[in-house]
Amino acid sequence: MLLAAPCRAWLQPAPPGERTLHANRTDAPEGRAEATPYIRRAEATPYIDLRRANELAWAKRFAEAEALYRQIPTDAAKLGLARVVMWQGRYAEAIALFARLDGVDALEGRATAEYWSGDFRSAARDFRRVLALDPKRDFARQSLAAIEATARPSQRVTIDGSTDDQPLDALRAEVAATFFSDPLTRWTVAASRYRLDAERFGRQSDGEAVSVANETKLRDWTLAATLGVFTFPDGVRRPIGGASARWRWLSLRVERTPELASATSLDTHAASTTTALRWERDRDWLAAAEVSHRRYSDGNEGRAAIAYAVAPLRRNAWTFWAGASAALRDTDESRFGITAISSTLDGAAFRYQYRGEYDPYWTPDDLVEGRVVLAVERRFARGGVKVHGDGGYARDRGRAFGPDAGTTPFPPQTFAFAFDRKHHPWRAGLTANVVLAPALRFETGVERSVTVDYRVTAFHAALVRRR
């Protein structure tokens, strides 16, 4: 006995308004599945109730359909119940309901709930079992192909560089390979080499680094770890790396990194360990907030808090982004010190001039800043381009040195003092990417950043191959 079109809701659907990737013979309520017999008519009431529950599901009245399915003691009703529970986003409950049922429909339903919940590992296993039982299941085949597409290995060659007024020019080249041991376990092996050019010191310094990184997803959790070795300019090697755990939008991260951002850092082995707690949203609009503590290898400590939010306005191939950011940064001890003293004779007194710089790393002192963030992005058939910028207002405490004058060509003693200052930091950049071949993409970008302490221009280029 065949039923009319509303009964098609009994078949495997996609959630309303979502999962358009999976349109196939089992899609509903939007699908085109042909009329299918449900059960033999044993008695009138269960049959009529099941038809009504199917009609409610077809009309996307899932809560009403769920209540009715729960009153019908048939396997067909239990299968319909599992599906409407899944369509409402209660994936763990739906998986448990599907697991109590036999048959390829129930197995495909469980695989779908696993897929939509993000458990690609279990979903791939169960979709393969579905295809082993029924090779004609297009939905399972398409879903499995989509999962396997997210786990394709890739290789990346990257060149990054920067030049600033410290003065320090840096150039780094890296080769990285990424592969998956299963759809939710990613590995990345990277090797890099860098060159630092300290013009004032009149010398160049080279070094290298190697690392292995892993990221594993376990339902709502994402666990990651990196372990590597960094070679400082004088050949001394030190361990680097970190670990993080993320639960939905909240993550905790601990990482050890070298501090090579100033010319004076070439003579040290400065490094820092950062512990950060971060909340992040990356859906239709982007936002993040983070608090962190940093401990340096020389015992100094610093703290920071940052937050930003940007929202898009999309028009065809164009996307406009607008938002704001704020940051607080402070360090226990300043590393800004005197590097040179000169004097000029003014009558009977000498006027002193001092030159200072951060040695070996930057130490913000009660820095507070707020910025406006703007960007415009244009997508093309084979790539895209994005222009971004931010800028605003900041205040912090700078450091100066004394005395101003004396009776000798050089001061017999010097001292440092802090003063309040205000400034307007800004940053602007351009990034672009283009698809050179089906598995090959080129990325590039340039950025200019200006603060009260430094001015730096950085560039980036990468060639990415994904099989």
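A salt bridge is counted here where a side-chain nitrogen of Lys or Arg lies within 4 Å of a carboxyl oxygen of Asp or Glu; Arg253 and Glu255 form such a pair, with their closest N and O atoms 3.2 Å apart. The structure is a predicted model, in which local features need pLDDT of at least 70 and side-chain atom pairs count only at pLDDT 80 or more, while totals for chains, interfaces and linings use all residues. Residues are numbered from 1 along each chain as its sequence is written, and side-chain values use heavy atoms, with hydrogens and water left out.

**Overall composition**

- The protein has seven helices and 20 strands, where helices (H or I, at least four residues) and strands (E, at least two) are DSSP runs numbered from the N terminus.
- Of the 467 residues in the protein, 37% are buried, a class that means under 20% relative accessible area, as against exposed at over 50% and partly exposed in between (1.4 Å probe, protein chains only).
- Among contacts (heavy atoms within 4.5 Å) between residues at least 6 apart in sequence, 51% join residues at least 24 apart.

**Strand pairing around E15**

- Strands count as paired if DSSP finds at least two bridges between them, and strand E14 (residues 367-380) is joined to strand E15 (residues 383-402) by 13 bridges in an antiparallel arrangement.
- A hairpin of two residues leads from E14 to E15, and Arg371 has Gly392 in E15 as its bridge partner.
- E15 also runs antiparallel to strand E18 (residues 426-437), with nine bridges between them, and here Gly384 is partnered by Asn433 in E18.
- Nine bridges likewise join E15 to strand E17 (residues 415-423), again antiparallel, and Gly402 has Phe415 in E17 as its bridge partner.
- In general, strands of a sheet pair through backbone hydrogen bonds, either parallel or antiparallel.

**The sheet E12-E13-E16**

- Three strands form an open sheet in the order E12-E13-E16, with antiparallel pairing; E12 and strand E16 (405-406) are the edge strands, each pairing on one side only.
- Strand E13 (residues 349-358) is joined to E16 by two bridges, and Arg351 stands opposite Ala405 in E16.
- Ala340 belongs to strand E12 (residues 336-346) and is partly exposed, with a relative accessible area of 35%.
- Not counting residues up to four places away in sequence, Ala340 touches Gln353, Tyr354 and Arg355; Ala340 and Gly356, 16 residues apart in sequence, are 7.0 Å apart in space, C-alpha to C-alpha.

**Helix H4 and its cover**

- Helix H4 (residues 91-99) has Tyr91, Ala94, Ile95, Leu97 and Phe98 as its buried residues; seen down the axis of H4, these fall within an arc of 165°, so they line one face of the helix, the arc being that of the directions from the helix axis to the C-beta atoms.
- The cover over the buried residues of H4 includes helix H3 (75-87) and helix H5 (104-116).

**Nonpolar surface patch**

- Leu218, Trp221, Leu223, Trp247, Leu250, Leu252, Leu277, Trp279, Trp285 and Val291 form a nonpolar patch on the surface, with about 910 Å² of accessible area together; strand E5 (221-231), strand E7 (250-258) and strand E8 (271-282) are the elements that give two or more residues to this patch.
- Patches are made of residues with over 30% relative accessible area and no salt bridge, like charges being joined within 9 Å and nonpolar side chains (Val, Leu, Ile, Met, Phe, Trp, Tyr) within 5 Å.
- Trp221, which is placed in strand E5, is partly exposed at a relative accessible area of 42%.

**Salt bridges**

- The count of salt bridges comes to 48, and one network of them links Arg246, Arg253, Glu255, Arg278, Glu280 and Glu290.
- Within the pair Arg253 and Glu255, both residues are partly exposed, Arg253 with a relative accessible area of 22% and Glu255 at 29%.
- Arg335 forms a salt bridge with Asp298, the closest N and O atoms being 3.1 Å apart; Arg335 lies in the loop between strand E11 (318-331) and E12, and Asp298 in the loop between strand E9 (286-296) and strand E10 (301-315), so the pair ties together parts that are 37 residues apart in sequence.
- Arg335 counts as buried at 16% relative accessibility, whereas Asp298 is partly exposed at 39%.
- The side chains of Arg172 and Glu174 also meet in a salt bridge (3.1 Å, N to O), and Arg172 is partly exposed at 31% relative accessibility.

Methods
Areas by Shrake-Rupley, 256 points an atom, 1.4 Å probe, with all protein chains shown as cover.
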